[in-house]
Each structure stands twice: as structure tokens, then as C-alpha cells.
Amino acid sequence: MKALRFERSLPRFAAARVAGAWAPGRGAAVGPLRLADIDPPRLPDGSWQRVRPRLAGICGSDLATIDGASSRWFEPIVSFPFVPGHEVVGDLDDGTRVVLEPVLGCGPRGITPPCAACAGRDVGRCTNITAGHLEPGLQTGYCCDTGGGWSTVLVAHESQLHLVPDTLSDEAAVMVEPTACAIRGALAALPLADNGVVTVIGAGTLGLCTIAALARWASPRELIVGAKHPHQRTLARDLGATLVVNPDELRRAVRRSRGSLMVGECTATRLAGGADVTLDCVGSEESLTEALAITRPGGRIVMIGMPGTVTVDLTPLWQRGIELVGAYAYGTESMPDHGQRRTFDLAFELVAEAGLDRLVSTTYPLDRYRDALAHAAEAGSRGAVKVAFDLRKEKERDWL
Amino acid sequence: MSPRPGFVLEVDRSTPPTLFMHGEGFRLEQLPVGSRVIYAPEALPLLRDPSEAIRQALLHPVDADPLPSMLFPGMKLTIAFDDISLPLPPMRRPDARQRVIEAVLDLAAAAGVDDVHLIAALALHRRMTEAELRHALGDRIYDAFAPRGALYNHDAEDPDAMAFLGETDKGEEVEISRRAAESDLLVYVNINLVAMDGGHKSTATGLSSYRSLRHHHNVATMRKSRSFMDQHRSELHSSNWRMGEVIRKAGVKIFQIETTLNNDTFPKPFDFLQKREWEWTARDRMTFLASSKSLARTPERVKRSIFQSIQAPHDLTGVTAGEVEAVHRITTAKVMEQQLVVVEGQTDILTLGLPYIGPYNVNSVMNPILVMCLGLGYFFNMYKERPLVREGGVLIMSHPTPWEFHPVHHPSYIDFFEQVLSETTDPIEIEKRFERSFAEDEWYRHLYRTGHAYHGVHPFYMWYWGSHALEHLGGVIVVGGDPKAVRRLGFKPASTLRDALEMAEDVVGRDPSITHLHAPPLLMAQVT
């Protein structure tokens, strides 16, 4: 089968790191990622099914991996060689369209009894992601046994599959996974976000989905978004932001909204008060520093964007008693009405209601993976949001 | 030889290129044949003996008792004076305010008055620095009064320092400095650079608060002021005059001293900037070339510092003291004598070369909002009877319009530019949606009261100042400005004057009439 495969190769990894630092997304040309004809993954047991991807998104964490910029934290929780791609809508052998919930928790790993998190269906917090009958891998797309979305075939455990209603297009369905991530982050902003000033840093895919989720399940008095590019600003407004500004205008915008004082000189250094909640959808050193500068004492920062190794002065976290909360993946959410909902169920709803299929800007065939990855890495400046691989016309898809 | 009056030149083939001020620089532009260029009258002669003229004004005031007769031991005397926004550029020492206030203080001392306060009447402008106060008043006054807290900046946000005097018959609230209101005599020392200055506006605006100012510093008032430089057709002045009446009825005794300056604006070597181009000497041409070339290679910060250090040679042409309205009539006539130029008919396109300085960026940065205010507020309104440019016409302004703000002086301007103008440039919507929150923002209040920041609401006033022009014009084009900043203002950027004129033709049609207002030196057009 045809697949983009990421192999363990330190020289290539180093080359990708250099190329990616020079031009984001260029790690694909020199790094450990290769378009290859490989054997399809085997089905571990009868509870697994083959999935033929239709669309597979390119996410920020994929790009970080390909550019050699991801944290070494992942080393023991991935297994090589792996086929990337965890934002997937595909077909089962019987033609049923499904969306993949990629976390490889206790269910897919055949672990019984499951860990406490998986028992509570909160798979994102599974404590067994290196155990069981699968090689290590926190998600499909990082595990050598399962394959990934950037190929013509992967295998998925039945607990990972979500049926796609006929009313939902492939473009909408491929947005379900990133939307689920954003929903987890948005719900982590509650209850402070209710009637509060909420700031979202970044208006890429995660940022925009987060805005939609906040508008749907929180009722912020003001939802301020720092967005770099014009199309991001337009989408942010459409999805529910009340104020959209350039990232370098964010501090002043938050200060204005709260009417709070600045600390230090008149030049915007940091705020005396600030936002009740800041959702960092970038995950960089700059964005976290900004979040710490604009969040009020006793406020909360939710990290939705995947951070790497960053150097940040945490004094404000300590001095202002700010909560720093990570929001990885999905599972089961405690809703404002105290009910429990699966994150993916919420994501299906939100994608349809907010029309998030419009965030899929363009697709590429696998053969043009270098163009696709370069485009995804520069999505903002090139007027795009989500870039995905389109596998619907791949010949190899029908051979198996 | 008496100074030559103002002049309207019709450009022909032999006319040399016309000088356009362009921020901290200047450009020579070849205007199309048939264009008109309006030149200011030459500088009026100065008072031969300013000290004696001041003394005479104080001893023989208009419609008021001589100042010495109003001074007595044990009285409370307050002297208020115009702030850093006047004159432009700042004048060489001694400043007119120093000359006048020294004379007043001499009389006060002779009368045994020892409770004297001096207040910079800055309304919602930024507080003056020590250096600026020393420049305006002289070291002797500063050292005598500032150390004991008797010389200070007006603070419109200090509730204990403001006194509510009542309302006008139109419901306008009048609140002024408590010290001024409760003094036995308020002496107001003014510099009338343009016809808008002075009169009741001195006290009713300069010593007032947002509570009062909002009644006339608003879009409706500015749009009903045609123009705000023409007192009798200015709603801004009508409102101030009504407030002046409330102040008078509240028992506040004002002794108004107004001064006028000639329009000798630029010292050597920049004096060629105020000459008519065909009268430039070889030396002027060389100076122009040399300064243009060296400025082109000079970093912006250094250029700004060079220009901001210019001190104008202008000096007193008149001083009048006494009752507010009587004094102001005389002063206004003197201002008109210096600035008025009769112009026949309106124009399709008005061109302006905006200088590096306006009332609100002395020792500071001319940010884009101030560019708008200088062009559409001040220069556009330098008319009597009718605007120079016809309704639906186009205003072309030449200015670099950098996206740059002085963070200490103009903090609320930054937010206004980033957050308000990115939403709308409509003055009415801006006023309705945003004004109150800026005016009552605690951080801006804090910076206004303790730093050197313009009040939070001040950028709104700048925008309102241009609201009559915004309503009147069919388009505004900025030549040589930062395109991003110009677009944020709602205007169109052009790289050259030729491009701008072509763009303007899309609005006003082909073969438009073009008029260039050659200022500074400042002039006021009486458009017949």
C-alpha cells in the first residue's frame, strides 16, 4: 500500500530539524518522512477493522514531528516506523464512513481491566499507552502497529470508530478530531469563562475551533482573539469572537476590555488585572509568555496548542496564582449542566452547527506530500486553515 | 515697508515647483497649470516694546477696571495660562506667557497679594513637564512657585479640585477648577495662534473636565461649526460662550489677557519654508537641496529631534486685557489681520502639505490620528463662509503618516487606532459605541493624572475635530504615507501627488480645479 512513513533515522531527523527551522514544513524534503510502498498493517484481532482513509488532515503536531521540532517527551510513547495522520475520515470494508478517535488507550491495547481513565471513557488520560498488545504509541499515527491516516489503509479498534452521518461531508468529518481537541480546551475554561473575559491566542485550526466551542458552550462577556492573518480574523468573528486584534495588540485589547491598569511603564508590559481565562492555541514560548502577561491573578491558562521545549519565566504563574491547565485529546466531558458527554459526540454536533467544514482550505494527493506539508506549515500566510490529504482517488486504495 | 497681504497665485508654465511640508521633511511638487496656491500674509510688525505694551494693557484694560485696582492683600489670585499646545512651533524665550505673567505678578506683589496659584490650563491634554513649564514661564517664576506647589498642571480628574457651577440654558454642565472658581480673581493668560483660541473657551474649556467638555467636544457640535475657526458660525464657541455666562453668573471674576503673534514661523536656516518659492534666493535653493538630501539620510528619530527643537521667531503683535468678550473681539480682529486671505470660489481638490507639528505632538510623535486631526480638523477648518473645497470634493494631504505612537503621551490613541478604527471610522458610531469606556478607563485616568498622557477620551476629540470634513468631503488621499496606517484611517494612500490627482479625478471628474493651501505659515481663507 501507499503510505508516508516516518522512520527512525537520527541523521535525517537532524537534517529535518535544520530544514524545518529554516523554512517550516521543509523537513519533509530531507527528514525521515518517505513516500513508500509498504505492507498494510495487520489486524490485531477480531475487534479491529481496516479503514481506508478518505481525507486525512495535517495537524500542527504532525508538522512539528516532520520538522524535527517535537519534544523528546514523545520518544518512549511512539514506535517507529510509523505512518502519521490522526485526523481521519475513512471507509470500512463494508463502505461505512467513519471518523477515527485516534487515542490508543486500554481498549485498543486489549488491556483488562482498563485503567481508571479508560474505565471512565476518558481515553485521553489513559495510563497504558505503552502497554498491551500494541507497540507504544499515544495515538494512531504514532504507532508502528496501526498505520496512520497518510496512507491508503490503517487499522482501528472498534472503540475508536465513530459513524459519520450521511448529512456530514468528508470535509466536515475530517474536522471532527481537531474540533474535539478544541472542545476539551474550551470546556476546561469553565466556569471562569462564563460571563468573563476570555482570550484566545492563535486563530489557526485549533484556535478557530476553540472560538466556536466557547461560543457554543460558554457565555463569555468578551471573547478576544489574537489573529495574525486577515482570513483568520474574518473567520474568528464569524465563529463568535467579539473582538479580534493582531497578536501584538492583544495586551492592550485585554486591558481595555477589563479597564485594568498596566504594570510598569506606559508601554504595554503586563496587566495588573487581565483575562479570566486565556486559551493558548499556539503553544510557543511567545504565546505562553503572552498568556501569562494577560491573565488575571487567580485566572486560568488552558494550553491547547502542543508546546515543545520552551523557556518561560513562570514567576507570574506563581505570583499571580494562575492555573496552567493542559488540554490534550478527548474522552468524556463534564458539561455545564453537570451531565457527561463524549467529546467526539460534541464535536460532531459543533462541526455541523458551526459549519466547520469551511476550515478545510485545500487538499493534496499523497504524491504531493512535500507541497502539502509546506502549504500546511504556511497555512496562515497563504490564506489557508486546514490542509488535508485527499486519498479518495488513490488507486492503491481499491487494490486491498 | 508694510507686510504684503495674503495672495492667491495661479500656477502657469513659469511657476516654480511648490513647497509641500511633509512631516519631518518637505517636497517640491509641480502643480498642474491653472492650480491656485494660497499664500499667507507676511508677518505683521512686532510690538516695539512688548513689556510696555503689556503694562499698558493691564493698566488700561477693555471694559474692565485696571488690574491693580482688582488686587488687594489677602486675596486669592489664580493665574491660568495656555498649555504646551500653543504656540506652534514653541516660541523662543521669553515666551509671551512669561512676559505677561511676570507683569501680573509684579502688580500682585506691589499690591501685597501672596496667595497666588499658577495653573496650566490643559483641560484633558497631557501635563506639562518641568522643562516645558520653565520654557513657557521662565525659570524665575518656576523656581518661585513650583517648589511650594503653587504652580501646577490642571487636573480634571481630581474630584476635589473641581467645582460644579451649574448648567447653561441648554443643559450643559459647567465644571471648572475649584481653585479658579473660588479665587477672588482669575487672570487668564492666553496665546491666540488661531481664531479658535481664546474668549470664553479659555476658561470654560481649559480649566474644565470631561463632564463639561463632552457637551461641545462632540460630533454634533463639530458638524454644526462651519467652521470652528469662525466664532460666529461655530457651535463650539456658542456652547463655550453659554458656559462663560454660567461662570460669570456663578461669580467667577475673570481678567482675560490675550496675546497675538505674527506668523514668522521658522528660524534660519529653515526660513525659506515660509517664503514664496519664486522669491527663493540661490542660498535658499541650496539650503533646500542640502537639507532635503541630508534629511533623506537621517534616521526618523533624529529628524524628529531636529524638527522638534525648532523654536519659532514669532513674537507679540498685540496684547489686550480686560473683559473676556471685549478682549476677544480685538484679538480675533488681530488674528484675522495676520491670517485672512480672500479666495474666490471653492475648489474640487484641496491639497495640503502637513508639517511635523500640531497642537498635540509638541515634543512628541505625530501619530496617524493627529495627522487626520491636523488635516481634516485644523487645516480644513481654516475658512470663513465656505470650506475651500466644495462638498464632495477631495482633500489630498502630504505626510509620511507613520504607524507610530508616543507610548507615554498617547496611550489611549494606540487603543483607539488599533481597536476603534479597525471597527469603524464613522464619528457618530465611534462616539456612541466607544467614547464613554475610554473616558472612564481607570488606566488612562491614572496616566493622565500621574504621567504625561493625554486623557483617554482625547483621541475621540481628534476624530470629532475632523468630522465636519469627513461629512463634507468625497474622499481623502494621503501622499507618501504608510499605506497600512492611511487605510486604517479610512483614507487612500498614493505614492506621488500625480497619482493622487489621478485618483481624485475618479471622485470629482476630469479637469478639476485644484487649490493648494500653502501653510504654514498659518492662514485663514475667506471663501467668497
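This is a predicted model: local features need pLDDT of at least 70, side-chain atom pairs count only at pLDDT 80 or more; totals for chains, interfaces and linings use all residues.
Helix H7 (residues 176–188) of chain A packs against helix H8 (residues 205–217) of chain A at an angle of about 55°, and their axes are 8 Å apart. H7(A) and H8(A) are therefore oblique to each other, and their crossing is right-handed.

Which residues of H7(A) and H8(A) meet? H7(A) brings A:Pro178, A:Thr179, A:Cys181, A:Ala182, A:Ile183, A:Gly185, A:Ala186 and A:Leu187. From H8(A) come A:Thr205, A:Leu206, A:Cys209, A:Thr210, A:Ala213, A:Leu214 and A:Trp217. By class, the residues of this contact of H7(A) with H8(A) are 11 nonpolar and four polar, with no charged residue.

## A helix pair in chain B

Chain B has a helix pair worth a look as well. Helix H1 (residues 50–59) of chain B and helix H2 (residues 96–110) of chain B have axes that come within 10 Å and cross at roughly 50°. That angle makes H1(B) oblique to H2(B), and H1(B) passes H2(B) in a right-handed crossing.

On the H1(B) side, the contact is made by B:Pro50, B:Ser51, B:Ile54, B:Arg55 and B:Leu58. On the H2(B) side, the residues are B:Arg99, B:Val100, B:Ala103, B:Val104 and B:Leu107. Sorted by class, the contact of H1(B) with H2(B) has seven nonpolar residues, one polar and two charged.

## A parallel sheet in chain A

Now for the strands. Chain A holds an open sheet of six strands, ordered E10-E9-E8-E13-E14-E15, with parallel pairing. At its edges are strand E10 (243–245) and strand E15 (323–326) of chain A, each of which pairs on one side only. From one strand to the next, the twist averages 20°.

Within this sheet, strand E13 (residues 275–280) of chain A runs parallel to strand E14 (residues 295–303) of chain A, and five bridges join the two. A:Val277 has A:Arg300 in E14(A) as its bridge partner.

The domain assignment divides chain A into domain 1 (2–164 + 365–399) and domain 2 (180–339). The C-alpha centres of domain 1 and domain 2 of chain A lie 28 Å apart. Their contact takes 20 residues from domain 1 of chain A and 16 residues from domain 2 of chain A. On the side of domain 1 of chain A that touches domain 2 of chain A, helix H3 (residues 60–66) of chain A gives the most, with three residues. That side of domain 1 has six nonpolar, nine polar and five charged residues.

The contact between the chains takes 12 residues from chain A and 14 residues from chain B. Helix H10 (residues 250–258) of chain A gives the most to the side of chain A that touches chain B, namely four residues. By class, that side of chain A has five nonpolar, three polar and four charged residues.

## Backbone details in the loops

Where are the cis peptide bonds in chain B? One joins B:Lys268 and B:Pro269, with omega about 10°; B:Pro269 lies in the loop between strand E11 (254–261) and helix H10 (282–296) of chain B. Another joins B:Ala519 and B:Pro520, with omega about -5°; B:Pro520 lies in the loop between strand E19 (514–518) and strand E20 (524–527) of chain B.

In chain A, A:Ala329 has a positive phi of about 60°, although it is not a glycine. A:Ala329 sits in the loop between E15 and strand E16 (332–334) of chain A.

Terms used. Residues are numbered from 1 along each chain as its sequence is written. Chains are lettered from A and ligands numbered from 1 in the order in which they are written. Two strands pair if DSSP finds at least two bridges between them. Axes are lines fitted to C-alpha atoms, for helices over the stretch in contact, and angles run from 0 to 180 degrees between N-to-C directions. Angles under 35 degrees count as roughly parallel, over 145 as roughly antiparallel, 65 to 115 as roughly perpendicular and the rest as oblique. A crossing is left-handed if the near helix is turned anticlockwise from the far one by less than a right angle, and right-handed if clockwise. Two residues are in contact if their C-beta atoms, placed from the backbone, lie within 7 Å. Ala, Val, Leu, Ile, Met, Phe, Trp, Tyr, Cys and Pro count as nonpolar, Asp, Glu, Lys and Arg as charged, and the others, Gly among them, as polar. Domain bounds come from an automatic or database domain assignment.
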